[in-house]
Amino acid sequence: MTGRDGGADIGPIGNSPVVILVRPQMAENIGTTARAMANGGLFHLRLVAPRDGWPQERAWRAASGADRILEAATVHATVDDA
């Protein structure tokens, strides 16, 4: 944990791009993606058919404070839906 209650105060900035992960296999991959997105000012994360379902607690541990990105992430059945 980062020591911050609920993670960093991050949110969408303008008309930002969407990041789509297709069939991510590990929750840690989702969390580290969210962390990288936060560093780059991205906010919108869409997950297509995550192998182990969603949400996964391990993703939050790997996100290092990018909690709001994970909380706002949406799950989709197909790439077209995402």
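**Terms and their grounds**

Author: Of the contacts in the chain between residues at least 6 apart in sequence, 78% join residues at least 24 apart; contact here means heavy atoms within 4.5 Å. The model is a predicted one, in which local features need pLDDT of at least 70 and side-chain atom pairs count only at pLDDT 80 or more, while totals for chains, interfaces and linings use all residues. Residues are numbered from 1 along each chain as its sequence is written, and side-chain values use heavy atoms, with hydrogens and water left out.

Reader: What makes up the secondary structure of the chain, and in which order do the elements run?

Author: The chain has 3 helices and 3 strands, in the order β-α-β-α-α-β from the N terminus. Helices (H or I, at least four residues) and strands (E, at least two) are DSSP runs, numbered from the N terminus.

Reader: Why is Ser16 called buried?

Author: Buried means under 20% relative accessible area, exposed over 50%, and partly exposed in between (1.4 Å probe, protein chains only). Ser16 has a relative accessible area of 12%, so the residue is buried. Ser16 is found in the segment before strand E1 (18-22). Leaving aside neighbours within four places in sequence, Ser16 is in contact with Phe43 and His44. Of the 82 residues of the chain, 34% count as buried.

Reader: Why does Ala77 count as exposed?

Author: Ala77 has a relative accessible area of 60%, and is therefore exposed. Ala77 follows strand E3 (74-76) in the chain. Apart from neighbours within four places in sequence, Ala77 is in contact with Val48 and Ala49. The C-alpha atoms of Ala77 and Leu47 are 8.5 Å apart, although these residues are 30 residues apart in sequence.

Reader: Why is Val22 called partly exposed, and which nonpolar surface patch includes Val22?

Author: Val22 has 40% relative accessibility, so this residue counts as partly exposed. Val22 belongs to the uncovered face of E1, with Val18 and Ile20, whereas Val19 and Leu21 form the covered face. Val18, Ile20, Val22 and Val79 make a nonpolar surface patch of about 280 Å². Patches are made of residues with over 30% relative accessible area and no salt bridge: like charges are joined within 9 Å, nonpolar side chains (Val, Leu, Ile, Met, Phe, Trp, Tyr) within 5 Å. Accessible areas come from the Shrake-Rupley method with a 1.4 Å probe; for residues, only the protein chains shown count as cover.

Reader: What makes the contact of Arg58 with Glu28 a salt bridge?

Author: A salt bridge is a side-chain nitrogen of Lys or Arg within 4 Å of a carboxyl oxygen of Asp or Glu. The closest N and O atoms of Arg58 and Glu28 are 3.0 Å apart, and the pair therefore meets the limit of 4 Å. This pair links distant parts of the chain, with Arg58 in helix H2 and Glu28 in helix H1, 30 residues apart. At 30% relative accessibility, Arg58 is partly exposed; Glu28, at 26%, also counts as partly exposed.

Reader: How many salt bridges does the structure hold?

Author: The structure holds 3 salt bridges. One of them joins Glu57 and Arg61, at 3.2 Å from N to O; both lie in helix H2, 4 residues apart, about one turn of the helix. Glu57 counts as exposed because its relative accessibility is 59%. Another joins Arg51 and Asp52, whose closest N and O atoms are 3.3 Å apart. Arg51 has a relative accessible area of 51% and is therefore exposed, whereas Asp52, at 36%, counts as partly exposed.
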